[in-house]
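Work through the exercises below with the model open beside you. Try each task before reading its solution.

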Amino acid sequence: MDTNVASIRRVTTVADVLAAGDLFDEPVRPDWAARFLGEAGHHILLAYVAATPVGMVTGVETTHPDKGTEMFLYELAVADSHRRLGIGRALTEALAELARKRGCYGMWVLTERANEAAMATYRSTTPTTESDHTMFGWTFDT
């Protein structure tokens, strides 16, 4: 990882999430950020250079009655100015370590095969499996 990255830390305040707003796909809504942070098993880790957020990963623990708890890597992003420095890998590894500490039996992520940067990042963390699953999605009017 880039030696200028001072730290990766789990954040727990809406203010921290808002400060990293440029890393998210859409503008962060404070009410949604508060709900995410308020849910047990929801995690946001930020990578910082000095006091500036340059990367983020979100994870959600899911528990099933016959499988236990696993971590879903929901989203990973690194600022354009800090890509290809190992920050995405470090964030992925930090979330995996958090999952281990919280007793998860595993971690998983979905990404498009055409997303070469994501594929390279996840492969660099030496996952134990890679599959050809198909994802289905439902969109609801809210």
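This is a predicted model: local features need pLDDT of at least 70, side-chain atom pairs count only at pLDDT 80 or more; totals for chains, interfaces and linings use all residues.

Residues are numbered from 1 along each chain as its sequence is written, and side-chain values use heavy atoms, without hydrogens and water.

**Exercise 1. Describe how helix α3 and helix α4 cross**.

Step 1. Find the helices: α3 covers residues 87-101 and α4 covers residues 116-124. Helices (H or I, at least four residues) and strands (E, at least two) are DSSP runs, numbered from the N terminus.

Step 2. Take the axes. They come within 9 Å and cross at roughly 50°. That makes α3 oblique to α4. (Angles under 35 degrees count as roughly parallel, over 145 as roughly antiparallel, 65 to 115 as roughly perpendicular and the rest as oblique.)

Step 3. List the contact, meaning heavy atoms within 4.5 Å. Helix α3 supplies Gly 88, Arg 89 and Thr 92, while α4 supplies Thr 121, Tyr 122 and Ser 124.

Step 4. Sort by class. The contact of α3 with α4 has one nonpolar, four polar and one charged residues.

**Exercise 2. Find the residues that touch the most other members of the largest nonpolar core**.

Step 1. Buried means under 20% relative accessible area, exposed over 50%, partly exposed in between (1.4 Å probe, protein chains only).

Step 2. Read off the residues. This core has 16 residues, and Leu 45, Val 57, Ile 87, Leu 91 and Leu 95 touch the most other members.

Step 3. Trace the elements. β2 (42-49), β3 (52-64), β4 (68-78), α3 and α4 each give two or more residues. Helix α3 gives the most, with five.

Step 4. Look beyond it. A second, separate core of 15 residues includes Phe 24, Phe 36, Tyr 48 and Met 56.

**Exercise 3. Is Thr 58 buried or exposed**?

Step 1. Locate Thr 58 in strand β3.

Step 2. Check the area. Thr 58 has a relative accessible area of 4%, so it is buried.

Step 3. List its neighbours. Leaving out residues up to four places away in sequence, Thr 58 touches Phe 36, His 43, Ile 44, Phe 72, Leu 73, Tyr 74, Glu 75 and Leu 95.

**Exercise 4. Where is Ala 50 placed, and what is its phi**?

Step 1. Ala 50 is in the loop between β2 and β3.

Step 2. Its phi is near 55°, a positive value in a residue other than glycine. Most residues other than glycine have a negative phi.

Step 3. Ala 50 counts as exposed because its relative accessibility is 63%.

Methods. Axes are lines fitted to C-alpha atoms, for helices over the stretch in contact, and angles run from 0 to 180 degrees between N-to-C directions. Ala, Val, Leu, Ile, Met, Phe, Trp, Tyr, Cys and Pro count as nonpolar, Asp, Glu, Lys and Arg as charged, and the others, Gly among them, as polar. A nonpolar core is a set of buried Ala, Val, Leu, Ile, Met, Phe, Trp, Tyr and Cys residues joined through side-chain atoms within 4.5 Å.
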